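Have it open beside you while you read, and take the points one at a time.

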Amino acid sequence: MTAKAIMIQGTASNAGKSLLAAGLCRVFRQDGYKVAPFKSQNMALNSAITPEGLEMGRAQVTQAQAAGVVPDVRMNPVLLKPTNDTGSQVIVNGVPRGTMGAVEYFKYKKALIPEVMEAYHALAEEYDIIVIEGAGSPAEINLKTDDFVNMGMARRARAPVLLCGDIDRGGVFASLYGTVKLLEPEEQELIRGLIINKFRGDPEILRPGLGTLEELTGKPVLGVVPMLDVDVDDEDSLSARLTGGGKVGLIDIAVVRLPRISNFTDFNPLERMEAVSLRYVDSSSALGRPDLIILPGTKNTMGDLLWLRQSGMEAAILKHAARGGPVAGICGGYQMLGRQVSDPDGVEGGGTLAGLGLLDAETVFLGEKTRTQVSGTFTGAAGLFSGLNGAAFEGYEIHMGSTTGSGAPLAAFTTQRGERHTDGFAQGNVWGCYVHGIFDKGETASALVEALLREKGLEGSAAAVDWQEYAQQQYDKLADGVRGALDMNAVYRILERGV
């Protein structure tokens, strides 16, 4: 058996490809099919660890969950994690291959095509339908040589393409028309339908424009998808979560928006809690006096530590901590909280930097990346966070450094291979650890927020959402929105006919 394939491409980054792909995965699953997502190459700093200890893009993890299947690294064989403006760590089949500059990778990528197609064909033998997601825009004509992400992938997988455009940005008719017309005739032939995405208002006002668009492109418009009110994990730092204002809650949590912030989805469970207002800040003037400052993960700890220092954020954080304000760090943020960060092997460019000095710990970067899922409990939380002790968590580690220090470890856990370890340190109202996803389990999120409430003299419990149950509800809601907006009969015809 070989799976049928359908591909979602977009006129630009953040056109909504990932969400539409997740929605189609859920629709097909609801209709009784065994479905897998696939994105041959993803550039994102949000990643996760599979049960085998391999690294893949967070968007494909979300899509797999929407499809009701276990995330598999074959669903995202190439992951690029930017380390600076011109270079990325290249991860192939879940394992790092090194860091490359943009020009170096452009020359290298052709060698990855056999591995990409091997992953795709292996999935196609196990599933009924593959929902493929493109990257950026297929009309990036400077990048079309040896393409295996957009039309190159569609051609190799013999997948019909649905092209979506973001009307919320404006210019959607021009972007859809221009994208189609910049493609070669054989590439245009692969496009079997257009989708208007992220619409606000009455779609009837679009009818005259839709007809003209169909005439000009020769492609049917399959639907107008509204701006869907769904809460699923975001793709990357283009997320509206990082810029939009949130609700006002009893507890104000400020997450520092580092230039190379990664895995900000760690904090989505806190954002969902009624008692919490969670905001991302990138300047000392915007910080204010929060109840908790969190330093998140980053793909470049030393570079972002320098940014903290040069931007004035370090001084603001130290002032907050000096008056007893709580601070927490996850992964790269945890590394920054220690006395020193060293890079003797040049993993991040080499050298040594002083950390914030809020934890009695030091980090040394290693060439080998730690990748594992974990489950454990807090054991050494101190100060106002002592209520966390005994709380259970689940998550994953994904980092290049080793951190040592004095004092009792923050947590004890077991890895997916059955190994027992400790992680993190706490000092007064400051703690840090390597575990991503540590707040996904409601028990941990509730214990944290209840500790912050008690510190403010507020009584009461802080109920946390059960992440697994909540996510399934959101995937069903997403599927309802996609099914209601698209002509699914036409989508199934396109899927059945192929190319």
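**Notes on the model**

1. Let's start with a pocket. α2 is the element that gives the most to the lining of the second largest pocket, namely four residues. A pocket is found on a 1 Å grid over the protein atoms alone, as an open set of points where a 1.4 Å probe fits, with protein on both sides within 12 Å along at least five of seven lines; its lining residues have an atom within 4 Å of a point.

2. Before going on, a word on what you're looking at. This is a predicted model, where local features need pLDDT of at least 70 and side-chain atom pairs count only at pLDDT 80 or more, while totals for chains, interfaces and linings use all residues. Residues are numbered from 1 along each chain as its sequence is written, and side-chain values use heavy atoms, with hydrogens and water left out.

3. Back to that pocket. The second largest pocket has a volume of about 660 Å³, a volume being the space filled by probe spheres set on grid points that are joined across faces, edges and corners. Its lining has 28 residues, and nearest the centre lie Q65, E394, D440, W467 and Q468. Besides α2 (58-67), the elements giving two or more residues are β4 (47-49), β21 (361-378), β22 (392-405) and α15 (467-485).

4. What classes of residue make up the lining of the second largest pocket? There are eleven nonpolar, eleven polar and six charged residues. Ala, Val, Leu, Ile, Met, Phe, Trp, Tyr, Cys and Pro count as nonpolar, Asp, Glu, Lys and Arg as charged, and the others, Gly among them, as polar.

5. Now look at α2 itself. Nine of its ten residues are buried, so α2 is largely enclosed by the rest of the structure. Buried means under 20% relative accessible area, exposed over 50%, and partly exposed in between, using a 1.4 Å probe and protein chains only. The buried residues are R58, A59, Q60, V61, T62, Q63, A64, A66 and A67. After α2 comes G68, with a positive phi near 75°.

6. Next, a sheet. Four strands form an open, mixed sheet in the order β3-β6-β7-β8. β3 (41-43) and β8 (95-101) are at the edges with a single partner strand each, so one side of each has no neighbour in the sheet. On average, neighbouring strands of this sheet are turned by 20° against each other, direction ignored; the axes behind such angles are lines fitted to C-alpha atoms, for helices over the stretch in contact, and angles run from 0 to 180 degrees between N-to-C directions.

7. Zoom in on one pair there. β7 (residues 87-92) and β8 run antiparallel and are joined by six bridges, with G87 opposite G101. Two strands pair if DSSP finds at least two bridges between them. In the loop between β7 and β8 you'll find N93, which has a positive phi near 50° without being a glycine. N93 is partly exposed, at 26% relative accessibility.

8. β19 (residues 340-343) has two pairings to check. With β20 (residues 351-354), β19 pairs antiparallel over four bridges, where D343 has G351 as its bridge partner. With β21, β19 pairs parallel over three bridges, and V341 stands opposite T363.

9. Last one: G383, in the loop between β21 and β22. G383 is partly exposed, with a relative accessible area of 44%. Its C-alpha atom is separated by 4.7 Å from that of G428, 45 residues apart along the chain.
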